[in-house]
Amino acid sequence: MTIGRARKIGTLAVCVLAQLLIAIDLTVLHLVLPSLSEQLRPSATEMLWIADAYGFALAGLLITMGNVGDRIGRKKLLLIGASLFGIASVITAYAPTAELLIAARVLLGIAAATLMPSTLSIVRNVFTGKERAAAIGISSGLTILGFGLGPLVGGVLLEHFWWGSVFLVNVPVVVVMVIAGALILPESKNPAPGRIDVLSVLLSVVGLVGIVYTIKEIAYKGWGHWDIAVAAVLGLGALPAFFVRQPRLAEPLMDLKLFTRRAFSATIGTTILAMFAQLAVSVMFAQYLQLVAGWSPLKSGLAGLPGMGGAILGGVLAPLGIKLFGRAVTIALGCGLSAVGFALYSGISVTIVYPELLAAMIIFGVGLALILSVATDTVLGVVPKARAGAASAISETATELGGALGIAVLGSVLGALYRSELVVPAGLPPEAVSDTLGGAVQVAAQLPPEQGALVLANAKLAFVDGLQLTMLCSAGLMALLAASALFTLRGVPKVLEDPDDTPAFGPLNAKAPHASHRV
């Protein structure tokens, strides 16, 4: 079926709208937690689940939902997921109890897990070659913008409405998506789908949720808690069992033979490491702008918009970079720009100098978008269209895992550096202010003015010292990743058409002799 230019543009618009919705929802919750906490009075455990239930459901179901889309149709799954997202948003906005709010956040995560691979696989089937690279570049840049818009939208709404409004605003967007999607989106699916292996679904969900839960909770609480130990055992047990099972199935949930393609496996690895360094930035600088500089959430969100503009620019420039330099060099260039951004970030001080921060944000945003745009297009371009949903899910799962690892590891490094650098004034127990900068701010507000000012000044200085070193380490990681990309992605063609037309990277291996037998 031939798809006209206008319908292609409409398809891209619907897919970008879905990705923006997910990106904004991922970042907006942290703004509403204080007012939400005052009204619903959740326990500490409930508060953690309110914050994390969405991410756990999203990470655990991405691989499964990518395969469901390949089988029932990506358009159908996107419309179902969008409708569920709207319903869950209404339940979240009006949740009267913490328990119902947690359940609603789980529903939102399930809906997001249907949307993420569906949008990418639809783009993969509608656009080919250079057109696909341009479409993914625009999509990636605008999606990164969504991460910046989350705090901004939330800040504006919270100044005028109650906390539920930040979720209720999803509803009109969903209505537009469903109507436009039903009219515009073309349907596509695997022409010869097999049944989904239920045990593989269970193993993937338990494995991914267990690993992500372990990573996040270690960042929050450290080791030594029974729930973390149980999650680690389940995750580390289920994931290997999942990978062992896949080659024995005629229709695997994750086709491990995809990883025999160097372009695919190298790009997935690059995505994980890039997101490891990148996603921690938004978390760390939210603290820097609000707790060190003393800016409101709204002002902090506005301050970050130029960085999002850099991301849009990087997404637009990605296809040109592929055309001029090739994929390996363009990803390496993105990693190099990110390294420069990190290095500039390492020069920040307790007294904020916004023009210096501005330069770092823009350079960093361009680099991030170059990496993600080219990486996403490469992953989708080297797999058959019939497996686009599964490949998209693998790419999104790599992004989720890399981001979770980055927040946990780099967040833990920053916390350790903060605690080691903090000078606690005499007369105060060290544990009162040495946990986090946020805790120190709360303690300082309850102390006599002079003592409180000293505690706050010492805490800010310790945090900034730790942040500087963390940014330098991240700059080094991105520089190494730039060199690695030049080697691992060498020779990948500039234009990736259907994989059958690119034999240089080898066809997917034939099924193993035992692949026709299920166990």
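Leaving aside neighbours within four places in sequence, Ile144 is in contact (heavy atoms within 4.5 Å) with Met308, Ala311, Leu368, Ala369 and Leu372. The model is predicted, so that local features need pLDDT of at least 70 and side-chain atom pairs count only at pLDDT 80 or more, whereas totals for chains, interfaces and linings use all residues. Residues are numbered from 1 along each chain as its sequence is written, and side-chain values use heavy atoms, with hydrogens and water left out.

Ile144 belongs to helix α5 (residues 129-160), where helices are DSSP runs of H or I with at least four residues, numbered from the N terminus. With a relative accessible area of 8%, Ile144 is buried, a class that means under 20% relative accessible area, against over 50% for exposed and in between for partly exposed (1.4 Å probe, protein chains only). Ile144 and Leu20 are 124 residues apart in sequence, yet their C-alpha atoms are 8.2 Å apart in space. Arg105, in helix α4 (residues 98-126), is likewise buried, at a relative accessible area of 1%; when residues up to four places away in sequence are not counted, Arg105 touches Asp25, Leu29, Ile50, Ala53, Tyr54, Thr92 and Phe167.

Aromatic rings were examined next. Across the whole structure, seven aromatic pairs are found, a pair being rings of Phe, Tyr or Trp (its six-membered ring) with centres within 6.5 Å, counted as stacked when the planes are under 30 degrees apart, edge-to-face when over 60 and tilted for the rest. The rings of Tyr94 and Trp162 have their centres 5.6 Å apart and their planes at 35 degrees, so this pair is tilted. Tyr94 lies in the loop between α3 (74-93) and α4 and Trp162 in the loop between α5 and α6, 68 residues apart, so that the pair links distant parts of the chain. Tyr94 is exposed, at 53% relative accessibility, whereas Trp162 is partly exposed, at 32%. In the pair of Tyr345 and Phe364, the ring centres are 5.8 Å apart and the planes stand at 65 degrees, which makes the pair edge-to-face. Because Tyr345 lies in helix α13 and Phe364 in helix α14 (residues 354-381), this pair ties together parts that are 19 residues apart in sequence.

Ser165 is found in helix α6 (residues 165-168) and, at 8% relative accessibility, counts as buried.

Conventions
Helices (H or I, at least four residues) and strands (E, at least two) are DSSP runs, numbered from the N terminus.
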